[in-house]
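Hi everyone, thanks for making time this morning.

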Amino acid sequence: MAKSPEEEHPVKTFGWAARDPSGHLSPFIFSRRVTGEEDVRFKVLYCGICHSDLHSIKNEWGSSNYPMVPGHEIVGEVTEVGSKVEKVKVGDKVGVGCMVGACHSCDSCANDLENYCPKLILTYNGIYYDGTITYGGYSDSMVANERYVVRIPDGMPLDSAAPLLCAGITVYSPLKYFGLGEPGKHIGIVVLGGLGHVAVKFAKALGSKVTVISTSPSKKAEALEHLGADSFLVSRDQDELQAAMGTFDGIIDTVSATHPIMPLLSLLKSHGKLIMVGAPCEPLEVPAFSLIIGRKTTAGSCIGGMKETQEMIDFAAKHNIKADIEVISMDYVNKAMGRLEQADVRYRFVIDIGNTLAATKPSS
């Protein structure tokens with residue numbers, strides 16, 4: 001007979017979970033494993049809210065298991081380490097992003113690309129090696145194998161560092177892999193959201209010329225004056241689109257809703273690259289001739305391996321790159337999800353787990 005989430009493991013844990021596709025989150029008592037010899041246990045202090053959390057709690061991708069504790073932008077302070085752990089020690093500030101396991105024997109794992117392992121284990125809504133469901137960072141503690149733990153550099157604010165463990169690596173990896181984050185390259189960033197605003201910051205720090213592409217003219221001042229973009233393009237303005245045709249080396253498309261691709265492809269130079277990092281629920285239409293004429297590429301990218309994730313965090317600390325956040329209490333999370341659904345956040349919600357979660361725990 002299957003054990004309840006509270007009885008699966010020895011270490012009692014408290015968090016918030018969704019129980020069904022309504023996506024409503026509420027207090028939840030469950031359990032985590034004891035600290036293994038290669039494990040790091042830490043007290044969760046902050047956890048970012050990713051748009052994929054919203055998709056997942058509502059089962060919009062059709063793969064959700066309930067009860068579900070979301071959260072894969074998790075940062076905190078180490079409270080215990082296993083006997084074989086070498087990377088961190090008790091008291092260190094650490095983070096866990098989107099994954100907590102992989103096969104460690106395939107080509108992807110051998111090349112530090114655990115994120116593309118066919119047996120990737122997600123931080124939440126995944127199945128761990130022992131067959132139990134993984135639970136994320138909307139909780140008071142976390143335990144993970146040290147391979148999947150990121151060291152947070154000294155002096156880096158934990159609250160604004162949390163979203164970088166998903167949003168940051170999601171945009172940093174394609175900028176590096178596709179050769180777009182380089183001096184002399186002209187890069188477009190589609191939409192100033194949770195992903196887009198950090199994409200602008202990383203691309204600028206890497207030396208690229210950056211244009212923000214948006215349907216909303218009201219975002220222009222924000223893009224240019226606050227985020228430091230070089231230019232701004234209103235994608236609904238046909239005159240602006242026409243003038244910018246064939247001028248981009250690459251475009252990072254962060255949109256998570258269905259949208260037309262052909263106008264973006266027209267902006268690319270020959271051999272230009274359109275990289276998808278948003279995850280719309282419905283298929284997108286890509287006209288073949290838009291690719292053929294100009295030998296253009298449409299590709300995707302999904303987070304990054306653990307080595308690159310540590311590289312990204314270190315780069316962000318060096319260049320003072322932080323997510324723009326709104327810190328919320330745990331009991332505000334359902335309202336935050338409603339606002340996120342309406343794109344009413346600038347630009348990432350982060351839950352103050354350390355100071356607000358305990359107050360929501362039901363009295364025993």
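Let me start with what I mean by a cavity: on a 1 Å grid over the protein atoms alone, it is a set of points where a 1.4 Å probe fits but cannot get out, and lining residues have an atom within 4 Å of a point. Grid points are joined across faces, edges and corners, and a volume is the space filled by probe spheres set on the points. With that rule, there are two cavities of 30 Å³ or more.

Before going on, some ground rules: this is a predicted model, where local features need pLDDT of at least 70 and side-chain atom pairs count only at pLDDT 80 or more, while totals for chains, interfaces and linings use all residues. Numbering runs from 1 along each chain as its sequence is written, and side-chain values use heavy atoms, with hydrogens and water left out.

Now, the largest cavity has a volume of about 170 Å³. Of the 14 residues lining the largest cavity, Arg32, Arg33, Ile133, Thr134 and Tyr135 are the closest to its centre. Strand 2 (25-32) and strand 8 (141-145) each contribute at least two lining residues; strands here are DSSP runs of E, at least two residues, and helices are runs of H or I, at least four, numbered from the N terminus.

What about the second largest cavity, how big is its volume? About 70 Å³. Its lining includes Gly97, Cys98, Met99 and Val150.

On to the domains, whose bounds come from an automatic or database assignment. We have domain 1 (11-166 + 324-360) and domain 2 (167-300), with 28 Å between their centres, taken over C-alpha atoms. Domain 1 brings 13 residues to the contact and domain 2 brings 18, contact being heavy atoms within 4.5 Å. The two domains bury about 1,200 Å² between them, 49% of that from carbon and sulfur atoms; buried area is the accessible area (1.4 Å probe) that two parts lose on being put together, summed over both.

Finally, our serine: Ser290 sits in helix 9 (residues 288-292). Is Ser290 buried or exposed? Ser290 counts as buried because its relative accessibility is 13%, and buried means under 20% relative accessible area, with a 1.4 Å probe and protein chains only. Beyond its neighbours within four places in sequence, Ser290 touches Met262, Leu265 and Lys296. From Ser290 to Leu265 is 6.4 Å, C-alpha to C-alpha, across 25 residues of sequence.

Key. Buried means under 20% relative accessible area, exposed over 50%, partly exposed in between (1.4 Å probe, protein chains only). On a 1 Å grid over the protein atoms alone, a cavity is a set of points where a 1.4 Å probe fits but cannot get out, and a pocket is an open set with protein on both sides within 12 Å along at least five of seven lines; lining residues have an atom within 4 Å of a point.
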